[in-house]
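Please look at the sequence and the structure before reading on.

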Amino acid sequence: MPVIDIHTHCAPRPASDPFGVAAAMRGTPVGRNMVTNYRDLPAVSYHEMTDFELQQEVSARAGITHRILSNPFPAETWTAVSSAPTLDIVRFVNDQIAALVDRAANLWGLGTLNPLDRDHIAEGERCMTSLGFKGLLITTSWHGRFIDTEEAFPFWEWAQDRQVPLFIHPPRVPIGNDRQMGQYKLDELVGRPFDTAMALARMILSGLLDRFPRLKIAVAHMGGGLLPVMGRLDFGWRLGCDGMPEHAQIRCARRPSDYLRMLHVDTMGFWAPHVREAVEVFGADRVMLGTDYGPVPIDPREHVEIVTGLAVAERDKQNMLWRNAARFFDLQIP
């Protein structure tokens with residue numbers, strides 16, 4: 001039986017520093033890992049993130065037969081600290097993923113780019129054609145700017161017309177990072193799901209999903225922090241915005257929760273009750289196995305066992321383990 005993990009990351013360390021970012025990204029060795037402090041946000045960079053062969057071995061032991069590789073952080077972070085042209089950095093990151101995918105027959109790749117810059121659309125075309133990627137990973141914010149604004153409209157129009165599968169994932173540094181998120185790993189554990197919730201709420205409330213209703217969107221981490229606040233989005237829409245300034249008015253045409261039917265999510269979160277909620281809200285035909293293996297080096301088998309342990313029909317389990325991913329990303333499975 002195939003098992004497809006749609007959410008894995010790998011980033012071999014560059015042999016050189018072509019963009020002059022090494023000083024900003026430098027870490028302190030701790031055993032086999034590195035502790036970094038980018039923008040005063042301490043984090044452990046686990047050795048598994050850079051060890052392609054180990055990732056393949058661990059995933060295979062967990063019963064995962066195929067993986068989709070992506071790399072969410074370098075393009076967005078390196079372009080914030082480098083004077084090199086942004087597109088040069090984005091192309092470098094995408095070429096890295098393509099080189100990894102070429103190393104094994106059971107892999108597919110996702111490219112990345114800045115959706116706020118229409119000049120990046122050509123790189124999106126390169127990803128989907130010559131690089132052979134199955135979609136794009138788009139961060140929920142780019143250098144502190146969310147992705148629902150008019151600058152992103154050309155990208156969303158292209159992605160909709162092209163029917164590009166989009167995997168929405170938070171950035172390394174979330175919105176609000178300067179609000180004591182450097183403590184207790186809060187930037188990773190709370191800040192990133194918050195960034196995702198803010199981005200999705202804005203995409204819904206701004207009317208972006210009305211403007212582009214045929215987008216193919218999957219969201220990491222079961223939608224981040226969106227589901228717990230979904231009822232609040234609904235009551236805000238129901239009460240209306242009479243008398244509020246134009247920039248504060250909700251613009252979506254329907255109840256915000258109605259737009260959830262436009263989204264897919266992965267299972268990453270390590271908590272069976274949340275996966276059960278995702279299945280209840282999104283449906284078993286729009287939930288896909290995702291582990292975040294690499295930067296989160298916990299045995300991917302835990303995610304597989306959460307899905308196989310759900311009290312749902314066997315066909316629903318198969319859908320979540322591979323059929324939904326094959327359909328969403330147009331994957332050819334023998």
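The sections below treat helix packing, a sheet and some single residues in turn.

The structure is a predicted model, in which local features need pLDDT of at least 70, side-chain atom pairs count only at pLDDT 80 or more, and totals for chains, interfaces and linings use all residues. Residues are numbered from 1 along each chain as its sequence is written, and side-chain values use heavy atoms, with hydrogens and water left out.

**Helix packing**

Two packed helices are described by the angle between their axes and the distance between the axes. Here helices (H or I, at least four residues) and strands (E, at least two) are DSSP runs, numbered from the N terminus. Axes are lines fitted to C-alpha atoms, for helices over the stretch in contact, and angles run from 0 to 180 degrees between N-to-C directions. The table gives two packed pairs.

| Helix pair | Residues | Angle between axes | Distance between axes |
|---|---|---|---|
| α3 and α4 | 74-81 and 86-101 | roughly 150 degrees | within 9 Å |
| α11 and α12 | 301-308 and 314-329 | about 150 degrees | 9 Å |

The axes of α3 and α4 cross at roughly 150 degrees, which makes α3 roughly antiparallel to α4 (angles under 35 degrees count as roughly parallel, over 145 as roughly antiparallel, 65 to 115 as roughly perpendicular and the rest as oblique). The contact (heavy atoms within 4.5 Å) joins Pro74, Ala75, Trp78 and Thr79 of α3 to Thr86, Ile89, Val90, Phe92 and Val93 of α4. Seven of these residues are nonpolar, two are polar and none is charged. In this classification, Ala, Val, Leu, Ile, Met, Phe, Trp, Tyr, Cys and Pro count as nonpolar, Asp, Glu, Lys and Arg as charged, and the others, Gly among them, as polar.

Helix α3 is also mostly covered, with six of its eight residues buried (buried means under 20% relative accessible area, exposed over 50%, partly exposed in between, with a 1.4 Å probe and protein chains only). The buried residues are Pro74, Ala75, Glu76, Thr77, Trp78 and Thr79. They pack against α1 (22-25), α4, β7, β8 (136-139) and β9 (141-142).

For the second pair, the axes of α11 and α12 are at an angle of about 150 degrees, so α11 is roughly antiparallel to α12. Val304, Val307 and Thr308 of α11 make the contact with Lys317, Met320 and Leu321 of α12. By class, this contact has four nonpolar residues, one polar and one charged.

**The sheet**

Six strands form an open sheet in the order β7-β8-β11-β12-β13-β14, with parallel pairing; two strands pair if DSSP finds at least two bridges between them. The edge strands, β7 (111-112) and β14 (287-288), each pair on one side only. Within the sheet, β12 (residues 216-219) and β13 (residues 263-266) run parallel and are joined by three bridges. Val219 has Val265 in β13 as its bridge partner.

**Single residues**

Phe270 is partly exposed, with a relative accessible area of 24%. Asp330, also a residue other than glycine, has a positive phi near 55 degrees and is located in the segment after α12.

Ser59 belongs to helix α2 (residues 52-61). Ser59 counts as buried because its relative accessibility is 2%. Leaving aside residues up to four places away in sequence, Ser59 touches Ile64, Arg67 and Tyr293.
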